[in-house]
Amino acid sequence: AYQGSGAGAASAPAEPAVDAAEEEVDPAKEAEERAKAKAEKIQRYKDRGNKAVQAGNFEDAIDNYTTALEYDPGSHVLYSNRAAAYCSVNQFQSALKDAQKCINLNPKFAKGYGRKSAALCGLNRRGEAMSTFQQGLVFCPGDAGLIKGLHELAPPKPEVKTEEGVESHVKTEG
């Protein structure tokens, strides 16, 4: 049968036969690939933030951690890292907010308490900083960083001369 050469006569080239199984997309595999790509992006921005901190580029670090948090808003580590970067540029209120978010996400992550205490110290709230270290020790008993931070904030004990002229420290309550 003659089809002629009119406008409707042109036909598309024949598609190669495709296996029906090839056409079907595995939703689980697709989701896994998306999750892997997302995790790679998060890690890339976290790594860039860490490198920026090491180079002293804290604003750049904050930007990279912020981008990573857009992909993973449930990461206590990213909030902790950004809190540290905020402290480094004296943005203590922002640091405090991030440190508290870190603690809320993972109360057993000792660094979160250290970050919160550092922000509180930056805001001249030493008493609250000491309480934060103590709270951290409830969730992370024996953590060396929290113990050290608490001792560094504790007021020095007054020295008293004994009869032999040897200095001793007086125990104080509190």
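This is a predicted model: local features need pLDDT of at least 70, side-chain atom pairs count only at pLDDT 80 or more; totals for chains, interfaces and linings use all residues.
Two residues are said to be in contact when heavy atoms of theirs lie within 4.5 Å. In α5, the residues Phe-92, Ala-95, Leu-96, Ala-99, Gln-100, Cys-102 and Ile-103 meet a set from α6, made up of Gly-112, Tyr-113, Arg-115, Lys-116, Ala-118, Ala-119, Leu-120 and Gly-122.

How do the two helices lie relative to each other? Helix α5 spans residues 92-105 and helix α6 residues 110-122; their axes come within 8 Å and cross at roughly 155 degrees. Angles over 145 degrees count as roughly antiparallel, and α5 and α6 are therefore roughly antiparallel to each other. The crossing of α5 past α6 is left-handed.

Helix α4 brings in another residue worth a look, Ser-80. Ser-80 has a relative accessible area of 1%, so it is buried. Beyond its neighbours within four places in sequence, Ser-80 is in contact with Cys-102, Phe-109, Lys-111 and Arg-115. Ser-80 and Lys-101 are 21 residues apart in sequence, and their C-alpha atoms are 8.5 Å apart in space.

Is Ser-75 buried or exposed? Buried means under 20% relative accessible area, so Ser-75, at 13% relative accessibility, counts as buried. The side chain of Ser-75 reaches the backbone nitrogen of Leu-78 at 3.1 Å. Leaving aside neighbours within four places in sequence, Ser-75 is in contact with Leu-69 and Leu-105.

Definitions and conventions. Residues are numbered from 1 along each chain as its sequence is written. Side-chain values use heavy atoms; hydrogens and water are left out. Axes are lines fitted to C-alpha atoms, for helices over the stretch in contact, and angles run from 0 to 180 degrees between N-to-C directions. Helices (H or I, at least four residues) and strands (E, at least two) are DSSP runs, numbered from the N terminus. Angles under 35 degrees count as roughly parallel, over 145 as roughly antiparallel, 65 to 115 as roughly perpendicular and the rest as oblique. A crossing is left-handed if the near helix is turned anticlockwise from the far one by less than a right angle, and right-handed if clockwise. Buried means under 20% relative accessible area, exposed over 50%, partly exposed in between (1.4 Å probe, protein chains only). A polar contact is a pair of N or O atoms within 3.5 Å; within protein, one must be able to donate a hydrogen and the other to accept it, and residues adjacent in sequence count only if both atoms are side-chain atoms.
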